[in-house]
Amino acid sequence: MDSVPSLASGFTLLFSVLWHIGSTATNYNCDNPLSALLPQTAFSSSSELFGSPSPAQLNRRIGPGGWSPVNSNAQQWLQIDLGNRVEITAVATQGRYGSSDWVTSYILMFSDTGRNWKQYKQEDNIWTFSGNTNADSIVHHKFLHSVKARFIRFVPMEWNPNGKIGMRVEVYGCSYKSDVADFDGRSSLLYRFNQKLMSTFKDVISLKFKSMQGDGVLFHGEGQHGDYITLELQKGKLSLHINLGDSKLRFSNSQPSVILGSLLDDQHWHSVLIERFNKQVNFTVDKHTQHFRAKGDGDYLDIDYELSFGGIPVPGKPGTFLKKNFHGCIENLYYNGVNIIDLAKRRKHQIYTGNVTFSCSEPQIVPITFVNSSSSYLLLPGTPQIDGLSVSFQFRTWNRDGLLLSTALSEDSGILLLYLEDGLLRLVIQKMTERSMEIPTGSNLNDGLWHSVSINARRNRITLTLDNDAASAAHETTRLQIYSGNSYYFGGCPDNFTESQCLNPIKAFQGCMRLIFIDNQPKDLISVQQGSLGNFSDLHIDLCSIKDRCLPNYCEHGGTCAQSWATFYCNCSDTGYTGATCHNSIYEQSCEAYRHKGNTSGFFHIDPDGSGPLDPLYVYCNITEDKIWTAVQHNNTELIRVRGAHPKRPYVMYFNYSSSMEQLEAMINGAEYCEQETIYHCKKSRLLNTPNGMPFTWWIGRANEKHPYWGGSLPGVQQCACGLEESCLDMRHFCNCDADKEE
C-alpha cells in the first residue's frame, strides 16, 4: 500500500512586466556621446606630461593630442566630470595622436562625488577592458549593465612597451532622472492611505539606497491583527520581515523572514525589489534573489493607516522612533506603482515629511584599501614630543590577524603597536627597559563590519576605546610618561626598516581604513595619493575594495561559509558531507552499498541522491542472505484503536515519516521493489462497503489521490485480496470486514 504523505509544492513567482524599474539602458536609445562638448576643466588626471590639463576627447588632434601622465605606471588615471549623474552604457578609447603612446588594457571606476570610487565589475569580478594596438584606431566597449554616475575614471593597466601611457576617450549614454530623498537619521516619510485599512493580495516595492551606517529602518507598516512588513539594515545586511495575520508573531520580537546582501553600508547605490503574491515572496538585493513563503495564516497583507519610510515613529510621540532610523539616501521609491518621493516633493496630502530633503548630501570621506598582506603600508607624519598621544580611525577586514598601527614614541618611551590577533584587538607598548604593557579588547573584529578604534594617552595613562563604547573602554597606566612620535605606520612596515622605526609582530593588514585622525587632526589621504603627504605602498586610495566571498554562498548542504580577505572556506561539521564545498556525502547511497562494505543489519544513514541537494535519511538496513530491505520509520507502528466515526467526522490516521517526500521518492526510485503495510483489524466494522456502496475507508497516496482498494488487491479495484481470490468469508462481499460479522 502506498501511503506516503503528500507535500504541497511551492512555486516561484516572477513579475516580469515590472522589471522595467532599474533595467539596463540597452532597451532604448542611450548611446549619445557625453564628453565631446565638455570644457577642458571637466578633465583631470593623476599627473600631466605637458603641464596643464589636456582635453582628451576622441579624435582630438590639436595640442598634445590626448593625455599622457608624467610617469607611466599603474597608479595613473584619467578622470572626467560629466556634470550630473548620467546613465553610462559604453566607452571608447584611442591612443595619443601622432605618438607611440597607447593603452592596451584598463579598468574603469565610477563615483557620484569624485570620492569613494567603485570599480566596474562583470560576473562579480573587476573587469579589465582591452585597449588599443596603435594610436589612431578606436576600440569601443558596450557595457553589459549600464552605470549611473557623475564621474568616470580610466585606470591604465598595460600600455605599449615601446611608448608611454596615452589616451583619448569618449563616454556614451544619456541623461538620468531620479527622485531622491535624504534621511539624516532623525527624519522619516509617512505615506497615509486614503482609507483606514490597506489590504493587498499582492505587492511590489522597489527602491535604491546608499548609506554609511550599517543599521537603520528603510520602511515599516503594520496592522492591528498582527500583520506587518519591515525592511531594515542590520550590520550591513538587509532583513525583510513579513507576517500575514498571525497575531502571535509580533514585529518587536520576530526573526527576519529572510536576510540578504552584505557590506551594504559602503556609500554606494544598492537596488531592492520586493514582489509578493499572497504568501509567495521574491526578495532581490542587487543581483541576488531569494524566494520564500511569508509567515502567518492569511494571504492578504493588512496595513493600518500608513507606511513609514526611514524609521518607525512611535504613535503620539513626535520625533520618537521604535528602532534606529535609516541614515542615507533613497532613490526612486515605488510602492505598488506609487512614486512616494515624487508625492513628497510635490507636497501631496498623502505624505507627511519629517526633516527629509530632496538631494543626496554625501560626506567626502576617503577610504583606503591595504591590498597586500606582506607589503602594504601607509606612513603619516605626526607631531613629535607632544605630552601624550591621540590616534583614531575606522577599519574593516575579513582577516583574523594584521598590524593596524606601529609608531615609535619619543623620549625613549617605547614603541606602540596596535594589531588584530585571532580577531581580537591588542594594544602593546614595548620598552627596552621594562615589561611590555598590553591592553586586549573586542572579539570577532574580522566580521567585515566597520569598527572604530581610538587611542588616547596622557602622561602615564592610556585608553583604548572600541566602537565608540566609552563605557567599556580599556585603561592602563605606565611607569614612564608617553610622548608622541613623528611617524605613524598604518597596516604594515616598509621593507628593510629597523625595528626602532617600525615593528610588525604579525602579518600586514589586509582591509580598509578611513577617517584617520592623528593629534585630533584629520589626515588628507588625497594628499597622500598626490605625493605631498607621507608615503605608501600597495594601497588603493579613495576606494574600499572589500568583497564578500560568501555571497553567494557556495557551501552546499547547510555548510557554513567563512572567509579571509583572499578566499573562502566551508565548515562542513554536522552536515553529513565533506570536501571543499561540502559536496561529497560521507554516507552510502543504499543499504546494498553498506552490505558490500561488510556491514550487517542495523540503523544507517543513506544518501539516495549522493551529492545531490537532498539530505541523508536514517533507515534500518535489514541485510539477509538473498535480499536487502531498507525500512523507513514512521510515527504509527503500534496497534491503535479506531474510535467510532461517521461521514461528517471521519477518523483519520496520519503516517508521518522521518524523511521528506523528495527523500522517500529518491530512495523508492533506486529500489527494485517497494511496499508499505497497513493492517486493519475489524469486528462489525465494514471497510470497503462492497459490493456496491461507497467505501467507508480509503487511503491518500503521495500525489494526494484517493485510493479505495486494500492490500493485495489492484489499483482501481474496490476489493480486498480475498475478493480477487474468491476466498472471502461471505462471497456476497469482496472483503472479509464487509461481512460485518461479530468476530
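Okay, let's start with a strand pair: strand 31, residues 424-430, runs antiparallel to strand 32, and five bridges join the two. Within that pairing, Arg-426 sits opposite Pro-440 of strand 32. Before I go on, this is a predicted model, where local features need pLDDT of at least 70, side-chain atom pairs count only at pLDDT 80 or more, and totals for chains, interfaces and linings use all residues. Residues are numbered from 1 along each chain as its sequence is written, and side-chain values use heavy atoms, with hydrogens and water left out.

A word on terms: strands (E, at least two residues) and helices (H or I, at least four) are DSSP runs, numbered from the N terminus. Two strands pair if DSSP finds at least two bridges between them.

Now, which sheet are we in? An open one of seven strands with antiparallel pairing, in the order 32-31-30-29-36-27-39. Strand 32 (437-441) and strand 39 (535-537) are the edges; each has a single partner strand, so one side of each has no neighbour in the sheet.

On to helix 4, residues 661-669. Which of its residues are buried, meaning under 20% relative accessible area with a 1.4 Å probe, protein chains only? Met-661, Gln-663, Leu-664, Met-667 and Ile-668.

Next, the aromatics. The structure holds 26 aromatic pairs; rings of Phe, Tyr and Trp (its six-membered ring) pair if their centres lie within 6.5 Å, and planes under 30 degrees apart count as stacked, over 60 as edge-to-face, the rest as tilted. Trp-117 and Phe-151 are an edge-to-face example, 6.4 Å centre to centre with 75° between the planes. Trp-117 is in the loop between strand 4 (103-111) and strand 5 (118-119) and Phe-151 is in strand 9 (residues 139-159), so the pair ties together parts 34 residues apart in sequence. Both Trp-117 and Phe-151 are buried.

Phe-603 and Tyr-618 are stacked: 5.6 Å centre to centre, 20° between the planes.

Definitions and conventions
Buried < 20%, exposed > 50% of the residue type's maximum accessible area, 1.4 Å probe, protein only.
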